[in-house]
Amino acid sequence: MLALNRNAAIERLSELLAESRRGVAFTGAGISTESGIPDFRSPGGLWTQNRPIPFDEFVASREARNEAWRRKFAMEDKFQAAKPGRGHRALARLIARGKLSAVITQNIDNLHQLSGIPDEKVIELHGNGSYATCLDCGERYEIEWVRERFHGAGGIAPDCASCSGPVKSATISFGQAMPEGAMRRAEAESLAADLFLAIGSSLVVWPAAGFPALAKRNGARLAIINREATEFDGMADLVVRDDIGDVLAPFVG
Ligand code: NAD
Ligand code: ZN
């Protein structure tokens, strides 16, 4: 494990990319803080303000659903205004150059897609917050549809128009089953990669946090770019504890 200063880190990262035939990136909330979306675990992050609402509570309680949607709409302007940052743009460029085969993300903010990465190369482990679905029949609802009804009813979460089931943003909550297709593809990409870039994740949310170690055990080189230490730093080939945008800026152009 090597913790390097910024210039040396950028140089080492360039070497790792040059030596790699098939890389994969894995991103967490830290890549989107530059875009104005707070992460969970940094000081002042969302975690410090609100306890997450677990899936079973959302399903069981209308009050929990009202609260989940209240929080969602409180954050919505930030999400709507967010534009891809330097980290997103660098990854889009590396995908376009064929250096990375996919981006596995824990994020739900749609910013990888907005940076120009084709949908099929973005593997979303925790879903996507830019639309909603009925948990019972799967019907899709736009966020605006929910917003109008929620505000129209004075802060009551609407139910599905077809089957009266609970309508939830298309994200994965704590305690909710992981999306099988995305998990399978993330595993396949991790096993096929010879370079795994973990970027902006505290690597504590499981099972997503298992992928860097899976890739490493399978022979990939592992680079971790994150301001704070992670429990996987000890097994990494490169650890960069620095700002993601600054470190990845040279890879944008
Ligand atoms: P996390 O909040 O646990 O960790 C983010 C990490 O990024 C922290 O360790 C922090 O030090 C680091 N970081 C933040 N800004 C950085 C920067 N500019 N440069 C370098 N490092 C930076 O995030 P996580 O591991 O992704 O887990 C949080 C969960 O919450 C995820 O599962 C995700 O689904 C969800 N979430 C998503 C978003 C989003 O979509 N943007 C935002 C918040 C939370
Ligand atoms: Zn329904």
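Predicted model: local features only at pLDDT ≥ 70, side-chain atom pairs only at ≥ 80, totals over all residues.

Modeller: Two residues are said to touch, or to be in contact, when heavy atoms of theirs lie within 4.5 Å of each other. Leaving aside residues up to four places away in sequence, S173 touches I53, F55 and K168. S173 sits in the loop between β6 and α8, the latter being residues 180–192. Its relative accessibility is 17%, and so S173 counts as buried, the limit for that word being under 20%.

S164 is not a glycine, yet its phi is positive, at about 65°. Its relative accessibility of 53% makes S164 count as exposed, because that class begins over 50%. Most residues other than glycine have a negative phi, and most peptide bonds are trans.

N110 also has a positive phi, near 70°, and is likewise no glycine. N110 belongs to the loop between β2 and α6, where α6 covers residues 111–114. With 22% relative accessibility, N110 counts as partly exposed. A cis peptide bond runs from W206 to P207, with omega near 5°. P207 lies in the loop between β7 and α9, a helix of residues 210–217.

The zinc ion (ligand 2) has the SG atoms of C134, C137, C160 and C163 as its protein donors, at 2.3 to 2.4 Å. Along the chain these donors are spaced as C-x2-C-x22-C-x2-C. Two of them link distant parts of the chain: C134 is in strand β4 (residues 127–134), while C160 is in the loop between α7 (143–152) and β6 (167–171), 26 residues apart. Both C134 and C160 are buried. The arrangement is tetrahedral because the four donor atoms subtend angles of 99 to 116° around the zinc ion (ligand 2). Ideal angles for four tetrahedral donors are 109.5 degrees.

Next come the nonpolar cores. The largest has 27 residues, and the members touching the most others are L13, L91, L100, L197, I199, I225 and L248. Several elements each supply at least two residues of this core, among them α1 (6–19), α5 (86–96), β2 (100–105), β7 (195–199) and β8 (221–225). L13 has contacts with L197, A223, I225, L238, V247, L248 and F251, residues up to four places away in sequence not being counted. In soluble globular proteins, nonpolar side chains tend to be buried together.

Seen as a whole, the protein has ten helices and nine strands. Its radius of gyration is 19 Å, close to the 18 Å that the globule rule gives for 253 residues, so the protein is as compact as a globular protein of that length. Along the principal axes, the C-alpha atoms fill a box of roughly 55 × 30 × 30 Å. Of the 253 residues, 49% count as buried, and S173 counts as buried too. Among contacts between residues at least 6 apart in sequence, 67% join residues at least 24 apart. The accessible surface comes to about 11,700 Å², with 49% of it belonging to carbon and sulfur atoms.

How values were computed
Residues numbered from 1 in each chain as written. Chains lettered and ligands numbered in written order. Heavy atoms only, no water. Donors = N, O, S within 2.8 Å, 3.2 Å for Na, K, Ca; no water. Tetrahedral: all angles 85-135°; square planar, octahedral: opposite > 155°, others 65-115°. Helix = DSSP H or I, 4+ residues; strand = E, 2+ residues; numbered from the N terminus. Buried < 20%, exposed > 50% of the residue type's maximum accessible area, 1.4 Å probe, protein only. Core = buried A, V, L, I, M, F, W, Y, C linked by side-chain atoms within 4.5 Å. Rg over C-alpha atoms; globule rule 2.2 N^0.38 Å. Areas by Shrake-Rupley, 256 points an atom, 1.4 Å probe, with all protein chains shown as cover.
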